[in-house]
Amino acid sequence: MKKITLITGSTTGTAEYIADYTAEILEKYNFETNIKHGPNLKDLSMQGGIWLIVCSTHGVGELPENIQPLAKEIDKKKPNLNKIFYGAIGIGSREYDTFCGAIHKLDFLLKKYNATRIGKTLEINILESDLMKNLIKQWIEKWNNDITNLQIIIN
């Protein structure tokens, strides 16, 4: 069974809600999921694996408080994340120029330390929350195919 660690960054709980829903869908694809809300680096496996970052944008494109320590720790310790593959789901409002700015910052940070993103980033406009579940289902279907293709290459 493929294991996924979902990592959330949230101010109001929206990312946690989306991570919980996403985990339900992933489990239908036979993934084993583990959700970490604002973890420290020591809470995450560095020996390889798949992370799914689910992060809302706070303020003017900033990271939510609960994920800032992880980002700072990664930038300070500069770990080699070359065994980490990840997906990215960003949440924000298209009313702002910094739409999904936080997930883009995390994406940049993970790439900086050699993690490999799987697929495209899903950007969710919180103002279209009625479409959210369908967007997530469609994205996971594509992401699952990307993971399957990746595992063929790795193995």
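Is Trp143 buried or exposed? Trp143 is buried, with a relative accessible area of 1%, where buried means under 20% relative accessible area, exposed means over 50%, and partly exposed lies in between (1.4 Å probe, protein chains only). The model is predicted, so local features need pLDDT of at least 70 and side-chain atom pairs count only at pLDDT 80 or more, while totals for chains, interfaces and linings use all residues. Residues are numbered from 1 along each chain as its sequence is written, and side-chain values use heavy atoms, with hydrogens and water left out.

A search of the whole structure finds 1 aromatic pair. The ring centres of Trp139 and Trp143 are 5.2 Å apart and their planes lie at 15°, so this pair is stacked; rings of Phe, Tyr and Trp (its six-membered ring) pair if their centres lie within 6.5 Å, and planes under 30 degrees apart count as stacked, over 60 as edge-to-face and the rest as tilted. Helices (H or I, at least four residues) and strands (E, at least two) are DSSP runs, numbered from the N terminus.

Cys100 is placed in the loop between β4 (84–92) and α3 (101–112), and it counts as buried because its relative accessibility is 0%. Asn114, in the loop between α3 and β5 (116–117), counts as partly exposed because its relative accessibility is 42%.
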